[in-house]
Amino acid sequence: MLKVMMKDLIMNRTALVANLFIMGGFLVFMSSWEEGAPVGTYAFFSGLMMAFGPVIIVTREDKFKAMALGCSLPVTRETIVRSRYVLAIGLAVLGILFAFSLAALAPTSELSAAELFRPKIVLRALSVTTLLFALLLPFTFRFGAFGLILVLATSQVLGIVALTMVKLTRSSVDKRFVDSIGRAVGSLYARLGPVGFDLLLAAFLAAVLLASYGLSVWAFKWRDL
Amino acid sequence: MTEQALHLSGVRKTFKGFTLNGVSFSLPKGYVMGLVGPNGAGKTTIIKLIMNLIAPEAGEIRILGLDSRKQEAEARAQIGFVYDVMPFYADVSLRDTKRAMAPFYRKWNESLFQELASTFDLPLKKKVKKLSQGMRTKFALALALSHEAELLILDEPTTGLDPVFRRELLHGLSGLLQDEGKSVLFSTHITSDLERIADYVTFIRDGSILLTETREELREVWGLVRGDESSVSALDSKLWRGSRRTPHGMDVLTSDASAARRALGDTVVVERASFEDIVVLLEDALLDDALPDGEVHHA
């Protein structure tokens, strides 16, 4: 597994470092907003942007049709999937730490290390990244970079359809739906307390990742390259 | 029983507009097999199936006795591969590409790689995109040969190579086999490559194997019957495998030169058929529907 991860890092080194600096630049700018970016929003965007690392690996692999190279090496397809998940999580964790450190250290930043490096905030950023990976990776293993476009385009279309329906029916189902999720999360938080809630969230994320991993292994097993 | 480097049995794969139709053949250990056929015949599909890059719908592929799907990693550790278009990362240097790939092979021989890189004049610091097609093939060959693979799978390895290096490569492959008992499966359009090193020839067309025989059998048993049209036409149609008109009469490809000699005596000349004659005339015959459907000649 380490060999596959090393291969991905060597082959994508320049692109990953460039991405880190471009995203880092944006995040520093965001942390320096005069009115102050809320720490939760900063965590959300850090998670979102650091998810681009693994996306870069997939898109570059597709660009050079290099999946055939990886799959010609003496390694099973399941190991390739497992390595990609571990690398994605590793890159996300490092990326988020990098993003938080930037905001904590940048002289122009309105955010402090004490605000950022709280388990709740780190977990929030990680949740965004994990849920993104869990959704995207099975599609990328089955369809390559087209899988990314498929998910993003489908999400856009579904969003447009949902909003149009709400608009046309003058219903407040969207608001009620979001509110009900908010209430459910709030009540769980109240019942479990901060530590219990964070543990439950971490367990939920692990379960989602595991399900996504199983789906990716199955999808990749039958992909023709 | 002869040890098999490669054994395909009833392998089937369907794409839109193309079916690889129950392909079966074997390559004994220590021999070279040339896989020949026109574009779109299924050569690359067979190679991708062997490498487990695509999944077969039916059949079995064994690489040095290992199941290509159930023991994919172990099987591929024994294979050195060169594809017609190598899927390297174009913006990564040769040195980094080697650094990324070498750790996968337990038997990686760094000094052999450096020696091959020097022989092939590979600019290791350059990015892959700066190389010509021929240089990319040389780099792929250096990688394939540096982990002491037991089986080399080469998809159109001589495409894009200059004639001098092509000759050197084939000579090198031939030497490698004699010295180290390795096996090679290579696909090609170039029949002169087959003449140089192939011990076995497998001819594929439209997803079906039409012929898989040893070089000796092709040389000794097959023949080219030459003469005027009326004399040559007297040959039993069962012995015909293909024909062409020439300025001097007619050439007929036969899969039994001795029988043709016995049947026609001195009225015709029966010569040894070159690989090119066999491939070209078989292909023409198929285009003209001269062969009954599905007729296959086995070794």
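Me: How are α1(A) and α3(A) set to each other, roughly parallel or oblique?
Reply: Helix α1 (residues 2-31) and helix α3 (residues 52-63) of chain A pack at an angle of about 130°, with their axes 9 Å apart, so they're oblique to each other. Angles under 35 degrees count as roughly parallel, over 145 as roughly antiparallel, 65 to 115 as roughly perpendicular, and the rest as oblique.

Me: Where do these numbers come from?
Reply: This is a predicted model, where local features need pLDDT of at least 70, side-chain atom pairs count only at pLDDT 80 or more, and totals for chains, interfaces and linings use all residues. Residues are numbered from 1 along each chain as its sequence is written, chains are lettered from A and ligands numbered from 1 in the order written, and side-chain values use heavy atoms, leaving out hydrogens and water.

Me: And the helices and axes?
Reply: Helices are DSSP runs (H or I, at least four residues), numbered from the N terminus. Axes are lines fitted to C-alpha atoms over the stretch in contact, with angles from 0 to 180 degrees between N-to-C directions.

Me: Which residues of α1(A) and α3(A) make the contact?
Reply: Among them are A:Met11, A:Leu16 and A:Met23 of α1(A), and A:Phe52, A:Ile56 and A:Arg60 of α3(A). Contact means heavy atoms within 4.5 Å.

Me: Switching to A:Thr130, where is its place?
Reply: A:Thr130 is in helix α7 (residues 119-143) of chain A.

Me: Buried or exposed, that A:Thr130?
Reply: A:Thr130 is buried, with a relative accessible area of 10%. Buried is under 20%, exposed over 50%, partly exposed in between (1.4 Å probe, protein chains only).

Me: What does A:Thr130 touch?
Reply: A:Leu205 and A:Leu209, not counting residues up to four places away in sequence. Both are in α9(A), among the residues that meet α7(A).

Me: At what angle do α7(A) and α9(A) pack?
Reply: About 15°, with the axes 8 Å apart; α9 covers residues 173-221 of chain A. α7(A) and α9(A) are therefore roughly parallel to each other.

Me: What about the cores, how many residues has the largest nonpolar one?
Reply: It has 115 residues, and B:Leu6, B:Ile46 and B:Leu185 have the most contacts inside it. Its largest share, eight residues, comes from helix α5 (residues 133-145) of chain B. A nonpolar core is a set of buried Ala, Val, Leu, Ile, Met, Phe, Trp, Tyr and Cys residues joined through side-chain atoms within 4.5 Å.

Me: What does B:Leu6 touch?
Reply: Its contacts include B:Phe25, B:Ile50, B:Leu151 and B:Leu185, not counting residues up to four places away in sequence.

Definitions and conventions. Helix = DSSP H or I, 4+ residues; strand = E, 2+ residues; numbered from the N terminus.
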